[in-house]
Every structure is written in structure tokens, then in C-alpha cells.
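Please read them alongside the coordinates.

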Amino acid sequence: MGFYITTAIDYVNSRPHLGTAYEKVTADVIARYKRLRGVDTHFVMGNDEHSQNVYRRARELGEDPLAYCDRMEQVFRDVWGRLSVSFDDFIRTTEPRHRVAVQQLLQRSYDRGDVYEGHYEGWYCVSCEAFKQEKDLIGGKCPIHLTTPDWIRERNHFFRLSKYQPALLDHYAAHPEFIEPDVRRNEILRLVESGLEDISVSRAGQAWGIPVPFDPDSVVYVWFDALVNYIAAVGYGSDDALFARWWPAQVHIVGKDITRFHCVIWPAMLMSAGLPLPERVFGHGWVHFRGQKMSKSLGTVVDPLEAADRLGADPLRLYLTKEIPYGGDGDFTWDRYEERYNVDLANNLGNLVSRIVTMADKYRQLRLEPSSLGPGPLAAVASDVRSAYVTAMDAFALHEGAAAAFRLVDATNVFIAESEPWVLARDPGASDRLAQVLYDAGEALRIAAVLLLPVMPTAAAEILRRAGESVPAEDIRFDDADWKSSMPRTLVTGPALWPRLQDQPAERKADIPTTMESHVSNTPEWKPNAPAPESPAPAATTPSPAAGNDPSGARVSIDEFMKVEMRVAKVLTAERVPKSKKLLKLWVDLGAEQRTIVAGLAEAYEPETLVGRTVVVVANLAPAKLMGIESNGMVLAASTESGKPILLSVDGDAQPGMRVR
Ligand code: MSP
């Protein structure tokens, strides 16, 4: 059986923002998960173009409405492409296939006697594209948009929604899964139980919309029009075989504000036309920005492209999936986004990848063979994680699914720290154990990457490649997340996936929302096989007691490294420090200044041999007193087992004062 999943179609009077992107990304995670499970999946999204606001926006810009919608289609497609949203079809309500479907459905309702003519008089909020009852207004304004609705008096066609109240209640009772999560279901039950009024399904005297088939002077009400996209996209009225293949949908993913259109009006429309109902409607929550509703007028809109450009599309997808319980509301701030990036990606997953590959390289020339000892404790962790992941993802608890994958990442980092492969590597008798530790860590990483494919498709594919997985990412299926106990793998080295962000208050943009129209993309996305993005700095490691011995451990970022000011210096004078075997007192030239440095070079160098020699010194070391002499810097030298230092040689062209980096 297939899996047909849809999202709400977006109004195109403005660009996508992080809230609308949230819906598309999370639906994409579900679609990718289904494909991973080997389910034939059809994922449809699109644009809702017949809104009055779209028409007005086009006119404001002096553009033809259809040309404006054509242009906006590309804007939307670009954003979804940048966020790796893998829809199979994209429907626009101005397309002929949609128009045919809308007219056919309305005609069927009409023929059935469910549409009648009447007069509508009341309030209409153009932003909601909905008629409002007086009792729902606050201070005469739409409670959602805080704008005064239009007073409308016109001849309309009405749909007998009230007639379907009993059938809807029966359906909810027989199919409790129809509305999820429970909080939405309860809202809808209360609403329908309190009684339904018939709704107007046409607007008189307007040109922008689909003509009512039995009254060409009216256009179809935009919601009646928009909802039909779900069947139009799979061939209703245009391709019977396609329609039979995909309808009814397994799930409509929509925001909580429009659940009632999908759980009340839409099923009634389908019942009236004699069509099967979708299996479920999932009403996700809202993404707020710093606790506030994302709204242009409040200036609290976040541009998803800016968020993707700042840290990458995959880190953004991870944030949206893992940090917001699916079905509930969540919050986005730039600080929290960066914090989660550092914790989950730079320090945790990215670090794990570099640790494993570095050790595999250093101890096994990248080739990991299964050990004669068989799998260690990580195999059981992986198995538990797999089950928890499936349970969560099947229930659309996407945040729990992502968290489960990260439990395996955590466990693998802890396993490495506790097993201390760098200690095992020094013990020839521990070769089997070392093989087991490396193989198991590599296998756990590979499995975590399979589970993360739906959430972070590009990065997880790259991790799989580095972990030596030979199956291409697009062919990976959930069975590949089984623990393979006898599959030698050759790992692949590469740059740090997620360099740690440093606190850079000067460069850091505060939590100020972007102007949506002024977006400029300038940071290249990290791609597999390409060098790391902004800086080549390796990921910092998760602190571990033995980090200093870990060949990949305790890295510093380029920014930390640059704090150490190393400069070329010329030794002007050198003399022994009285009563010290090791110390020499040097007077050095640093270009702009001369100073004293006390250096532990006496056991290796006669003072006079150093005079005139060019050395490298740490120039910004805090002064220290050695044998009563204040030393202002440190001369760099290699330290040997015997304790005798070896000075670094500096080519003749280096002049005193030059920075070394
Ligand atoms: N065009 C209608 C939907 C018609 S579906 C047959 C519409 N469009 S919209 O552009 O306003 O919203 C598109 C989707 O984005 C809706 O599901 C809406 O709930 C969702 N979101 C809009 N803002 C959101 C957040 N701040 N957070 C999460 N989802 C949000 O409604």
C-alpha cells in the first residue's frame, strides 16, 4: 500500500517564512521516513493562488496576477529546494487540472442538492479568507489578524454543511485517528457538536478565481477551491488511474489554525461528492519567534533561507524536528539555534564522525574489520534505539524519533571515551579489543546516520559515505539500520562537518528578525565531497578525561588558535641564568620592540650560538618571573624525550615581528 501525504498549500502574497517552512520540512521528514521504510510514497505540496490578498499584492506591485503567481512559484520552489524538501508533485490552484477538479466537485455537490442560492450579509476577513461571526470579533476586529473585516452583502451559493453534522460526528467516533493530535480532535469535536451553519462557497462579481460552473458571474470561494488541491493533484477529474492509485490520502499535514477547514468542511465536501475521506489530518503547532507569533506587522518573521545559510539546511531541519514536540507549539531564537548546533552537531555528532575516522585512519589505515570478539554493548543500544525510533516516527512523534537517533550518538561517544582506543593501541595484546571498539563505533555511527537520513538528508548521506557504507544513500532502507556484525568497511576522511561556532558578539546578528524582501544568500552550503564551509577549523571534541591522548581529541578552533600571537624574533644577546642548569636569558628583537625572554634552552644550546639566530616566540604570553627575572614571552622549541629542546628553524626571509600562523 502507498502513502499519500500532503501539506497545506501556501498563499503566495509573501515569501515562505520559518513557520510555513516548518510545515514543509516536517512533512518531508515523514515522507522520507516512509520511503526509508520502503513504502511507495507520494508527497504533494503547492501554492494557493486565488486569494484576494494575492490579487491585491500583485496589483500593488503593478503585476499581472498570474505572472506574479508564476514568479512566486519559483520563489517557493527555491526555498523548498534549499531546505531539501523532496515533494513528488507541486500543484498550483491556477493550473487547468485544478480548475477541472474544483468545477467537477462543486457540480457534483450541486447536482446532489447540497448547494443552494441565498444572500450573504456579514463580515469577511480577507487575510483569513473566511466569513466571521460577530461574536468571534474582538473589538470589531479579526482576532487573528487584528484588522477590521469587510462588510459583505452579496448573492452567494451556499453549501449545506449543517446537513453533514451527524455524519461527521459518526466519522470522528468511528475513526478516532482522523484528527490528530488529541488536543485538535477535542477542539473539533466541541465545534461540530455545538452545531454547524451552512457556508457560502462563492463570491459574486470577482474575476480572480475559478468560475462557478452553474453561475459564471461568481467565482468559487477560495477555501472550497484550495481544499480540492488534494484530489486535483492526484488526477480527480483528469486522470482516473492516478486518482485510484493515490486517493484517499494517508495524511494531510496542516497548521492548527486551519485544522477545522480540513476536519469539518473538507470531509463534508467529499461526503457530498461521494468520495472517500482522507485517513487522517495532523494539525501541527506554531513556531514562534522569541515567544511571539511570526507576523510581518510585528516584525517577527524569520527567513528560512537566512537560517539555512547561517548554519546549513540540515542543522535547521534538525532544529525544527528535534526541538519542537510535533503537534505542539515551539520557539525559535538565533541563540538557541546556535546553541543546539554546537551541542548536537559540532560537539556531538560531528565530533563523533571525526573521532572515528581519525582513529580508523591512525590505527587501521581506515579499514575496519569485525573482531573475533563479536559485537560489544553498542549493538544492544542500537537495537533499542531502532525500536524506539520506529515507534516514535510511526506515531508522528518526530522529535522523539530524532532524539532516539541522538541517543545512539551519545552512547557511542561515551563508549569511545570509556574504551580508550588510544590506550588499547599502545598494547599489542589488545589488538582484538581495539578492532572491536573501532568496528562497533563505526557500525553505531553508520546506524545513527541511517536513522537520521529523513531529518538531515545531505549530512546523513555524507556520514554514511565516511562510515564506509557502500549502498548509495537513496537506496538505503530501514533494514540497513540492522547491526551488521561481519561487514568490513573502509572509512573515508573529510573535513569537519560542523565547525564549532565561537561566541563572536561583534559579528553575531542579534535576535532581530530579517526583512523578508531583502534576503541575500552569500554563504555556500556545505556539500559532500566539498571542503568545509566558512573555516577549516576542526570540530571541538566532547571533553573526555583522556582527551589529550585521543588522536582526534581536544581540537581548538581557528579562532582559539589565533588568540596565540606567535612572532618571528631575532636573538640579540644570550647569557646563562646564574644557578640554573636549564635557563638562558635572551634579549630579543620583535621588530617594533625588544624584550627579555627566559628560555629553557641551556642544556641544548651554548648562549653564543644563539646570538643572531631567528626564532619563533609567543609574544602575548602573560609575563612570568623565572629565577627572579621577568620573562616576556616564550621561545618555541620541539621537546624531546631526553628533555633537550630543539629550536625550530626559520628561513632567512622572515623578519623580526612577522606574525606566525
Ligand atoms: N492557503 C491556506 C491553506 C490552504 S490548504 C488547502 C493557508 N496558507 S498559509 O500560507 O497561510 O499557511 C500555510 C501553512 O503554514 C498552514 O498550514 C499554516 O498553519 C502554516 N503556518 C503559518 N504560520 C505558521 C507558523 N508560525 N508556525 C507553523 N505553521 C504555520 O493557510
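1. Which residue is the bridge partner of Tyr124 in β6? The partner is Phe131. Strand β5 (residues 115-125) and β6 run antiparallel and are joined by three bridges. Helices (H or I, at least four residues) and strands (E, at least two) are DSSP runs, numbered from the N terminus; two strands pair if DSSP finds at least two bridges between them.

2. This is a predicted model, in which local features need pLDDT of at least 70 and side-chain atom pairs count only at pLDDT 80 or more, while totals for chains, interfaces and linings use all residues. Residues are numbered from 1 along each chain as its sequence is written, and side-chain values use heavy atoms, with hydrogens and water left out.

3. On confidence: pLDDT is the predictor's confidence in each residue, from 0 to 100. The protein chain averages 89, and 91% of the residues score at least 70. Over residues 504-553 pLDDT stays under 50, and the model has 106 contacts (heavy atoms within 4.5 Å) beyond four places in sequence for them. Where pLDDT is low, the predicted coordinates should not be read in detail.

4. β5 and β6 belong to an open sheet of four strands, in the order β6-β5-β7-β9, with antiparallel pairing. β6 (130-132) and β9 (199-200) are at the edges with a single partner strand each, so one side of each has no neighbour in the sheet.

5. An open sheet of three strands, also with antiparallel pairing, has the order β10-β12-β11. Here the edges are β10 (202-204) and β11 (211-212); each has a single partner strand, so one side of each is left without a neighbour in the sheet. Two bridges hold the antiparallel pairing of β11 with strand β12 (residues 215-220), where Val212 is opposite Asp215 of β12.

6. The whole structure contains five cavities of 30 Å³ or more. A cavity is a set of points, on a 1 Å grid over the protein atoms alone, where a 1.4 Å probe fits but cannot get out; lining residues have an atom within 4 Å of a point. A volume is the space filled by probe spheres set on the points, which are joined across faces, edges and corners. The second largest cavity has a volume of about 70 Å³. Its lining includes Tyr124, Arg203, Val219 and Val220, and divides into six nonpolar (Ala, Val, Leu, Ile, Met, Phe, Trp, Tyr, Cys and Pro), two charged (Asp, Glu, Lys and Arg) and four polar residues (the others, Gly among them).

7. Asp28, in helix α1 (residues 18-36), is buried (under 20% relative accessible area, 1.4 Å probe, protein chains only), with a value of 0%. Beyond neighbours within four places in sequence, Asp28 is in contact with Phe43, Ser84, Val85, Ser86 and Arg317. Arg317 is among the buried residues of α12. Helix α12 (residues 313-322) has 10 of its 10 residues buried, so the rest of the structure largely encloses it.

8. Strand β20 (residues 584-589) and β21 run antiparallel, joined by six bridges, with Leu586 opposite Ile597 of β21. They form a hairpin with four residues between the strands, and Gly591 in the turn has a positive phi of about 80 degrees. Strand β21 (residues 594-599) is mostly covered, five of its six residues being buried.

How values were computed
1 Å grid on protein atoms, 1.4 Å probe; cavity = no way out; pocket = protein on both sides within 12 Å on 5 of 7 lines; lining within 4 Å. Buried < 20%, exposed > 50% of the residue type's maximum accessible area, 1.4 Å probe, protein only.
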